[in-house]
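Q: Could we go through this structure together, one feature at a time, with the general idea first and the particular case after it?

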Amino acid sequence: MAKKKPTFSTGALRRSLSVSMAGVRAGSALAVDGAVSRLMGKSEDDPQSEFARREAQRFAAELGRLKGTYVKIGQMLALFGEHFLPPVLVDALRDLSDQTEPLHWDALESFVRGSLGERFDELDIDPEAIAAASLAQVHLAQVRATGEWICIKVQYPGLAEMIDSDFDAVIKMLVLARWVKSGRDLDHWMQSLRSHLHNEIDYHREASLTEEMGRLVAGVRTEGVSYKVPELYRDYCTHDVLAMEFIEGSSVIDDEVAGLSQQRRNALGKAMLELFFYELYDWGMLQTDPNFGNYLLRLDDRRKREAADELALLDFGSVLDCSDEFLFHLRHTIAASQRQDVPAIVEGLIGLGCLTPDASEEGRQMFADFCLNLLEPLRPAHALPPEHLNEAGEYCWGTSRLMRRAGKQAAASTTSRHFTAPSRDFALIARKLTGVFNFISVLDAQFNACDMIEAHIAAWQERE
């Protein structure tokens with residue numbers, strides 16, 4: 001019996017009904033679980049039952065089966081849904097993988113041919129995908145005229161038309177299952193996520209941002225590490241296909257990287273952090289999806305006198321459009337955190353929309369403490385926790401468990417009556433920063449970052 005080829009379900013009504021039924025079933029499980037807990041005298045803080053957990057996991061699995069935008073929506077809710085979804089559902093959604101089974105080339109070939117037109121025949125495209133995610137998959141292709149190997153990122157057919165209907169189905173499911181109450185806060189969050197996803201499938205936008213970032217990083221070096229953005233092949237770029245230079249390298253989690261000297265791992269970690277500071281203070285262009293798959297390390301074999309390692313940046317579909325006002329308040333908040341100036345941090349958070357001007361003193365302090373703790377590695381050497389320093393007084397990113405500590409603090413904060421859901425943009429920045437810090441932690445880098453951030457703050461304040 002032939003193996004069934006992966007397919008991409010595009011029937012909007014069928015997809016909507018499928019996710020709604022799974023949602024109602026899981027929502028009912030949560031409702032029953034809550035009622036039983038109350039009858040047994042348990043508090044709302046008790047972990048939900050295995051029954052509710054199983055139904056939430058079944059719902060997440062249904063999103064994964066439907067693929068496409070439902071997977072991406074589920075991932076977004078896992079990242080930001082802790083502000084308005086039951087913990088058992090957020091935990092289940094976190095298991096959604098962005099790595100999906102690729103579509104068979106037979107299901108894509110005519111679509112790609114139609115998108116590229118006559119230019120399709122200028123390429124020899126490998127039918128086996130080298131990567132697949134929720135919104136697109138990547139194939140190698142050879143330019144027949146030159147012999148060059150390039151990558152083509154192919155968006156799944158019909159995604160643009162399905163985004164809004166899929167989002168509407170998810171919102172209806174959330175309300176119908178009584179996981180959330182409809183209202184202005186939910187509408188604002190879901191509209192923000194909807195807009196963000198529309199940006200991710202806008203390949204014309206991503207192509208322009210890729211070229212802009214390539215221009216910005218050209219000639220920039222940090223601790224001997226340079227940056228690389230793949231060049232675009234504009235002749236083969238359309239609203240459905242993105243063609244770019246094929247780059248080989250190592251993932252930060254590869255054994256080869258773990259075996260590098262401490263000095264080289266430190267340099268790579270500094271390069272990643274410096275890139276964030278450039279984005280924030282110099283370029284105003286923040287890539288907010290810092291998963292490890294969006295970066296490659298091109299390691300030098302050290303046989304050339306002037307050789308150096310290189311950090312390759314691969315994906316710009318999730319770049320945040322930051323207003324000057326937002327950037328000012330974000331920069332101001334980080335600078336205030338460096339001074340441990342709580343009133344100034346609160347002022348910045350109000351400007352970012354994370355706090356309302358009439359927020360309680362407890363709420364203000366809670367958000368300020370989160371910022372101070374999250375930015376721990378940027379403190380001056382004398383203010384760093386001594387238990388997280390090596391013998392030379394350098395911060396040990398890998399053993400500090402900063403992200404675990406910050407995550408526990410954030411989870412505890414959401415249960416407080418003083419908690420207010422942060423703005424989408426602030427949540428994206430927090431996601432970016434935690435991704436950067438995780439990258440450095442995986443490198444097990446050991447260095448202090450205060451001088452680095454203070455130099456960027458000083459340059460920004462001088463320009464202001």
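Q: Is Cys450 buried or exposed?
A: Some ground rules come before the answer. This is a predicted model, in which local features need pLDDT of at least 70 and side-chain atom pairs count only at pLDDT 80 or more, while totals for chains, interfaces and linings use all residues. Residues are numbered from 1 along each chain as its sequence is written, and side-chain values use heavy atoms, with hydrogens and water left out. Buried means under 20% relative accessible area, exposed means over 50%, and partly exposed lies in between, with a 1.4 Å probe and protein chains only. Cys450 has a relative accessible area of 11%, so Cys450 is buried. Cys322, with a value of 16%, is buried as well.

Q: How many disulfides are counted?
A: A disulfide is a pair of cysteine sulfur atoms within 2.5 Å, and by this rule the count is 0.

Q: Which residues of helix H5 are buried, and why can they be said to line one face?
A: An α-helix has 3.6 residues a turn, so residues three or four places apart point the same way. Helices (H or I, at least four residues) and strands (E, at least two) are DSSP runs, numbered from the N terminus. In H5, residues 109-116, the buried residues are Val112, Ser115 and Leu116. Viewed down the axis of H5, these buried residues fall within an arc of 90°, so they line one face of the helix; the arc is that of the directions from the helix axis to the C-beta atoms. Ser110 and Gly114, on the other side of H5, are exposed.

Q: What are the pairing partners of strand S4?
A: Two strands pair if DSSP finds at least two bridges between them. S4 pairs with strand S3 (residues 136-143) in the antiparallel sense over 7 bridges, and Ala136 stands opposite Gln155 in S4. The two strands form a hairpin with 5 residues between them, and Gly147 in the turn has a positive phi of about 80°. S4 also pairs with strand S7 (residues 241-245), again in the antiparallel sense, over 5 bridges, with Val241 of S7 as the bridge partner of Val154. S4 itself, residues 149-155, is mostly covered, since 6 of its 7 residues are buried.

Q: In what order do the strands of the open sheet lie?
A: The 4 strands of this sheet follow the order S5-S6-S10-S9, and their pairing is mixed. Strand S5 (221-222) and strand S9 (295-298) stand at the edges with a single partner strand each, so one side of each is left without a neighbour in the sheet. S9 runs antiparallel to strand S10 (residues 310-313), to which 4 bridges join it, and Tyr295 has Leu313 in S10 as its bridge partner.
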